[in-house]
Amino acid sequence: MEHPNIVTFEVTGDYGLFSDPILRVGGEKCSYQVPTYEALKGILESVYWKPTLLWVIDRVRVMNPIQMEVKGIRPIKYTGGNDLSYYTYLKQCRYQVQAHFEWNMNRPELAGDRNENKHHEMAKRMIRRGGRRDIFLGTRECQGYVEPCTFGEGAGAFDDLPELALGLMYHGITYADESYDDATRGYLTVNFWRPVMRYGVIEFPRPEDCPFHKRVRPMGMRSFSREQNNFSGLEECSPQGGQAEWD
């Protein structure tokens, strides 16, 4: 299905680290072979984001060969000092991305800001300018750059490969203010799926269409109240205690 507010862009970087959030806590880190839905969504939100809308990543095209490089890193330990870990990065990353936005129906108080043409034109302008905030390919040490592109244009490294299954993979996180049904309302939910790359392109399912969901903990919606002087939404409601559940 084609959407009227589609944006396409190319993101590049010397290195990328796309991994399961559980592996971000500490120790050794190893990147997936391709970027996750959540990582691409985060890149686009760094380019242009408003609480009025939700970005939906439609597909990604892998342009360069998949190459890995292991680096010795000395991260800061939680108990103080430094530790020695080995991180496995993707190198020479280059991806074409197609996405569109939809209104966040969990935000009825922002209904007056639902001007599709305004947000579409601003998003395209921000892509041309390289984004509003710094771009990272998975982690902060992996600096990235965005620019406009025509999806499918140019030669890709996997254009002649009919199919490549990538196994079980983390898809993304559904936050409380992005909930789509009663099961995700008021919770932080993690989604998983089994991606398959066909001729260099991965078609992403919507979060609700992923085959596996794990409800992690209760979570309140972020506040964008002008009266509380918190329109940035940085102040999140404190979660209540709870036990993770499999849906």
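Before clicking on anything, one term: a residue is buried when its relative accessible area is under 20%, exposed when over 50%, and partly exposed in between, using a 1.4 Å probe and protein chains only. This is a predicted model, in which local features need pLDDT of at least 70 and side-chain atom pairs count only at pLDDT 80 or more, while totals for chains, interfaces and linings use all residues. Residues are numbered from 1 along each chain as its sequence is written, and side-chain values use heavy atoms, with hydrogens and water left out.

Start with Cys142, which is buried at 1% relative accessible area. Cys142 is in no disulfide (a pair of cysteine sulfur atoms within 2.5 Å); its nearest cysteine sulfur belongs to Cys93, 7.4 Å away. Searching the whole structure turns up zero disulfides. Hop over to Cys210 and you'll find another buried residue, at 4% relative accessibility.

Now switch to cartoon. Of the protein's 247 residues, 45% count as buried.

Next, select H1, residues 37-47. Why is H1 largely enclosed by the rest of the structure? Keep H1 on screen for the next stop.

Time for the largest nonpolar core, with 51 residues. Such a core is a set of buried Ala, Val, Leu, Ile, Met, Phe, Trp, Tyr and Cys residues joined through side-chain atoms within 4.5 Å. Val11, Trp55 and Tyr95 have the most contacts inside this core. The elements giving two or more residues to it include H1, strand S1 (7-16), strand S3 (53-62) and helix H2 (116-128). Strand S5 gives the most, with eight residues.

Zoom in on Tyr95. Contact here means heavy atoms within 4.5 Å. Leaving aside neighbours within four places in sequence, Tyr95 is in contact with Phe9, Glu10, Val11, Phe18, Pro35, Val60, Arg61, Val62, Met63, Leu90 and Leu137. Zooming back out, residues 24 or more positions apart account for 70% of the protein's contacts with a separation of 6 or more.

Last stop: Tyr86, found in strand S5. Tyr86 is partly exposed, at 46% relative accessible area.

Methods: Helices (H or I, at least four residues) and strands (E, at least two) are DSSP runs, numbered from the N terminus.
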